[in-house]
Amino acid sequence: MPQTFSLDLRGKSCDEFMVEISKVLVAMKPGDVLSLIADQDRILCTHQLLKNAPRYLFKGDVVGDHAEITIRRVR
């Protein structure tokens with residue numbers, strides 16, 4: 001059964017942001033979803049982290065003063 005993880009990482013530096021989501025990504029199984037609320041520029045950090053990771057799909061939307069990022073493990 002797929003799980004959904006939620007994190008609020010507003011105010012974290014890009015390095016801290018990547019460390020925090022990496023901990024969750026390692027534990028994710030196919031079908032799991034990670035939902036993040038972060039600063040707007042963290043969409044670029046997420047892209048840098050996942051650009052060579054074909055197991056994950058991500059979508060980032062800027063909503064007001066923050067970004068909502070969804071990462072799904074595909075396989």
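Contact here means heavy atoms within 4.5 Å. Keep that in mind for our opening residue, arginine 72. Arginine 72 touches Gly31, Asp32, Val33, Arg55, Tyr56 and Leu57, leaving out residues up to four places away in sequence.

A word on the source. This is a predicted model, where local features need pLDDT of at least 70 and side-chain atom pairs count only at pLDDT 80 or more, while totals for chains, interfaces and linings use all residues. Residues are numbered from 1 along each chain as its sequence is written, and side-chain values use heavy atoms, with hydrogens and water left out.

Back to arginine 72. It sits in strand β4. Helices (H or I, at least four residues) and strands (E, at least two) are DSSP runs, numbered from the N terminus. Is arginine 72 buried, exposed or partly exposed? Buried means under 20% relative accessible area, exposed means over 50%, and partly exposed lies in between, with a 1.4 Å probe and protein chains only. Arginine 72 has 42%, so it counts as partly exposed. Its C-alpha atom is 9.3 Å from that of leucine 25, 47 residues apart along the chain.

Now the sheet. Four strands make an open sheet, in the order β1-β2-β4-β3, with mixed pairing. Two strands pair if DSSP finds at least two bridges between them. At the edges are β1 (4-8) and β3 (56-63), each pairing on one side only. From one strand to the next, the twist averages 15°. Inside the sheet, β2 (residues 33-38) and β4 (residues 66-73) run antiparallel, joined by six bridges. Look at isoleucine 37: opposite it, in β4, stands glutamate 68.

Next, the helices. Helix α1 (residues 14-27) packs on the sheet and touches β1, β2, β3 and β4. The direction of α1 makes about 165° with that of β2. Helix α2 (residues 42-50) packs on the sheet too, touching β2, β3 and β4. Its direction makes about 170° with that of β3. For these angles, axes are lines fitted to C-alpha atoms, for helices over the stretch in contact, and values run from 0 to 180 degrees between N-to-C directions.

Which residues of α2 are buried? Arg42, Cys45, Thr46 and Leu50. They cover an arc of only 120° around the axis, so they lie on the same side of α2. That arc is taken from the directions from the helix axis to the C-beta atoms. Their cover includes α1, β2, β3 and β4. Histidine 47 is also in α2. With 39% relative accessible area, histidine 47 is partly exposed.

On to the disulfide. A disulfide is a pair of cysteine sulfur atoms within 2.5 Å. How many are there by this rule? One. Cysteine 14 and cysteine 45 form it, with sulfur atoms 2.0 Å apart. It links distant parts of the chain: cysteine 14 is in α1 and cysteine 45 in α2, 31 residues apart. Cysteine 45 has 6% relative accessibility, so it counts as buried.

Last, the core. A nonpolar core is a set of buried Ala, Val, Leu, Ile, Met, Phe, Trp, Tyr and Cys residues joined through side-chain atoms within 4.5 Å. The largest one has 16 residues. Phe17, Ile21, Leu25, Leu34, Leu36 and Ile71 have the most contacts inside it. The elements giving two or more residues are α1, β2, α2 and β4. α1 gives the most, with four. Take leucine 34: beyond its neighbours within four places in sequence, its contacts include Phe5, Ile21, Leu25 and Ile71.
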